[in-house]
Structures are given as C-alpha cells and as structure tokens.
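These entries record what I looked up in one structure.

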Amino acid sequence: MNSATPTSAMRGSNHVGMRQFNERIVLQAIRHHGAIPKADLARLTQLSTQTVAIIVGRLLDDGLLLKQDRVRGKIGQPSVPLSLNPQGAFSVGIQVGRRNLELLVADFTGQPVARVEVLYDYPDPDVLLESMAQGLQTLKERMGELWHRTVGVGLTAPLSLHKWADLMGGQAAQALARWEHIDLTAQVQRLTDLPVVFAKDTTAACVAELLQGHGRSVRSFLYVFVGTFIGGGLVLSGHIMNGERGNAGAIGSLPVGCASSGSGMPPQLLQKASGWQLEQALLAAGHDPLLIHQAAIMDKAYAGLTAPWLAQASQALAMTVASSAALLDLDAVVMDGSLGAPLMTALMAATQDALSQYRFDGMHQPQLLAGQVGAHARALGGALLPLHSQFFPDKDIFLKQDAA
C-alpha cells in the first residue's frame, strides 16, 4: 500500500461521500471477528461469495484491508485471512475539558497512535482555541504523509460547558461563562479543512467503551466517568441512548439524598462524587490539586483528604447505581475516569461496599465493572466518530448534538 495516498483518492471515503452499505457490513464483520477469510465473510454477512470477492478487491485497492499469511492444513485450498489495515484511515479526537485539552489520532482499528495534552486551571476560550490550533499542527507534523489519510475530527466537550461555573468560582467562573455564547464546533471547523462533528464528552467516552471495551460483551450498561466533574452515558441493547436533548445518561445532574439544611434543594451527584471536591480539599491543605490524576494521591500523607471524599462519593454513586438499576434493568455499571488508577480502584471498592446497604428485591443488581479504555476515553470516543460515520454500518452511533 502507498501510505501517502491522499484521502480524496480513497473511493467513497472522501469528506462528503459514503461507502456502500455492503462494504460497511464487510468492514464491520472484520472489526468484530478479527482476521477472517473471504468464505467466512460471506457466511457471516450473508452476502454471496462473488459479492464479497468484489468488495474485498475494492477494499484492498483502497488500502483499507491487508492480506495475512495463508492458513494451511485444512481441507480444500489454503485460505487467506483479511484484516483491517491500521493505516487505512485515521481520525482525530479533540476533547475539551474543564481542566485539560486532549487531541488524539486513532488508526483504522481504533487504537491511539499520537496524542497531545494541555493542562490548565480553567478553559479560557482564547487560550484554549490557540492551544487547539497548535495541537492540530503538532499532530499533522507527527503523522507526516499518513496525515493525508485522516478523514475527520470528532469534537467532544461538556454539553453545557458554561454551566456549574459557580462551583469553580473566580476567574474560572468568568471564563466558563463566556462559553455560553461560543459556537465551539464552528470555531474548531475554522482551524481545519477536515469535517468536524460534535458529541457530548461523556457520551463519546461511553462509545469508546462500547466499541473498544466492555461493550463487546455487555449489552446494557450505565457508563460512569469520574473526572473534574462526574458524568455518564447509557447503552441499552448494544445501542447508545442520547435522548431528545442529548441528556440521556447525564447522571451528574441526578439528585442524591435529601436537601441539606438551609440549601432547600437535594445535592446533585456532581456535587458529591466529582474530582473537583477532592481537588479543593487538596488545594486548601496546600497540595497540588492535580494529584487526583496521579498514583501518589493514595499515599498515607493524603489519607485524611481522600478517605472522606471516598466515603461521600461512594455513597452517592451507590444510590445512583440502585436508582438506575430500578429504572433501566441494566446488566452492568461501568466506571472509568481520569483519576489516578489507585484512586479509581478505591472508589470502585467503596462503591461496591456501599451497595450492600441497598435492597435489590424485584430488580437485577448490575455488576460493577472497571472501564477498559481509561483516562483517554473521551478523546478516543471523539476520534471513533469520523471512522464509524464513514466506514461502518452504524454511522449514527453518535447522534449529532448541539454544543450550545
């Protein structure tokens, strides 16, 4: 394959064209089953042998498939397994968070191959957009000639980046408030000639888990992502649920417990189980708040801060799990996040313990599972959007949402 073949030369995979449905079915079968010969492809897709042969020929010509070594020793002619070519196509995921910006290139198999991250105290729009432009240029330089096979950009961010600004306070609140009047998708589109599509950040992370993690074996699950703020996504019967306004699975807004004295309103999950609360406790004690993303956060020196947060967060999460199980009849709840791995493990264990306080009579208690994608799930999920919209049958796996 000539790895420098420009995207426009890839039949049906240019920025406005779509591949034929049968081609998508063949690519999907290979993605699910791994390297597989044409005869098995015909059986799995229920397409004729001749049709599969024609499609495979085109996909090989386009550089989207690779022939593996012949398999001998069986009855009949030796078979030649076909696999996805990792360099067949690439896409970019851009994740805009309240504490970090991440740009990630994924290959055709959905694996990250290049990454840029920028950390900040709060997302100032002017600074962030400039960092994004620089990040895109850095990725382009790292990819070299392979950049020509990049098919699009998947942008992910909180659905309402300006909301909950009061929790962050000060200059952060002022910067977040400015996002209310910014069309983020349009701003990013000005930075690149690749097509840009948007998905809510936690929905994108949920899709990454659906396609690259537990979603390959678990049909229905609530997805929980613990970052600066906690959020989530929802998969039912193998499909992402977005809701009419893109808020399905928005567990950060879920009321947990009763109203505290004087507040008049029950607290939301994001006020009890977000990394933000632990960040503020660290800051008040004179420590680096970004320790929450590092393994060192579980050192004994910080136990006086982590233990109360773990107790509070796990109780709120257990209530969320029990309520969601009653409403949605889930197989599992998958927990992931950008927190340090030992802290996430401790949170999982504490939540499992807290669940013992709840009755599951008359409903199925979902299994609590650690996410398999990890801290980069939001950016990776964004990168998967252009690939799936152009090459795989479920092209609407993300329903386009308004970023405002």
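**Entry 1. A charge over a ring.** I found Arg31 over the face of Phe392, at 5.7 Å from the ring centre. The criterion I used is NZ of Lys or CZ of Arg within 6 Å of the ring centre and within 35 degrees of the ring normal.

**Entry 2. Basis of the values.** I note that the model is predicted, so that local features need pLDDT of at least 70 and side-chain atom pairs count only at pLDDT 80 or more, while totals for chains, interfaces and linings use all residues. Residues are numbered from 1 along each chain as its sequence is written, and side-chain values use heavy atoms, with hydrogens and water left out.

**Entry 3. Aromatic pairs.** I looked up the ring pairs next. A pair of aromatic rings is described by the distance of the centres and the angle of the planes. Rings of Phe, Tyr and Trp (its six-membered ring) pair if their centres lie within 6.5 Å; planes under 30 degrees apart count as stacked, over 60 as edge-to-face and the rest as tilted. The structure has three such pairs. Helices (H or I, at least four residues) and strands (E, at least two) are DSSP runs, numbered from the N terminus.

Buried means under 20% relative accessible area, exposed over 50%, and partly exposed in between (1.4 Å probe, protein chains only). I also recorded that Phe108, Phe391 and Phe392 make up one aromatic cluster.

**Entry 4. Salt bridges.** How many salt bridges does the structure hold? It holds nine, where a salt bridge is a side-chain nitrogen of Lys or Arg within 4 Å of a carboxyl oxygen of Asp or Glu.

I looked at Arg58 and Glu23, whose side chains form a salt bridge at 2.9 Å, N to O. Arg58 is in helix H3 (residues 49-61) and Glu23 in helix H1 (residues 21-33), distant parts of the chain 35 residues apart. Arg58 is partly exposed at 31% relative accessibility, whereas Glu23 is buried at 0%.

I then turned to Glu279 and Arg99, whose closest N and O atoms are 2.4 Å apart in a salt bridge. Glu279 belongs to helix H10 (residues 275-284) and Arg99 to the loop between strand E3 (90-96) and strand E4 (100-106), so the pair ties together parts 180 residues apart in sequence. Both Glu279 and Arg99 are buried.

Arg115 and Glu102 also meet in a salt bridge (2.7 Å, N to O). Arg115 is in strand E5 (residues 112-119) and Glu102 in strand E4, so parts 13 residues apart in sequence are tied together. Salt bridges that share partners join Arg99, Asp121 and Glu279 into one network. Of the Arg115 pair, I noted that Arg115 is partly exposed, at 31% relative accessible area, and that Glu102 is buried, at 1%.

**Entry 5. Helix H12 and Leu339.** I found Leu339 in the loop between strand E11 (332-337) and helix H12 (341-355). Leu339 counts as buried at 5% relative accessibility. Leaving out residues up to four places away in sequence, Leu339 touches Val226, Gly227, Gly275, Ile292, His293, Trp309 and Met344; contact means heavy atoms within 4.5 Å.

In H12, the buried residues are Leu343, Met344, Leu347, Met348, Thr351, Ala354 and Leu355. They cover an arc of only 140° around the axis, which puts them on the same side of H12; the arc is that of the directions from the helix axis to the C-beta atoms. On the other side of H12, Thr345 and Asp353 are exposed. The buried residues of H12 pack against strand E8 (221-226), H10, helix H11 (303-328), E11 and strand E12 (367-370).

**Entry 6. Positive phi.** Gln46 is not a glycine, yet I found a positive phi of about 60° for it. Gln46 is in the loop between helix H2 (38-45) and H3, and counts as exposed at 75% relative accessibility. Ser237, also not a glycine, has a positive phi of about 50°. Ser237 is in the loop between strand E9 (230-236) and strand E10 (239-240), and is partly exposed at 41% relative accessible area.
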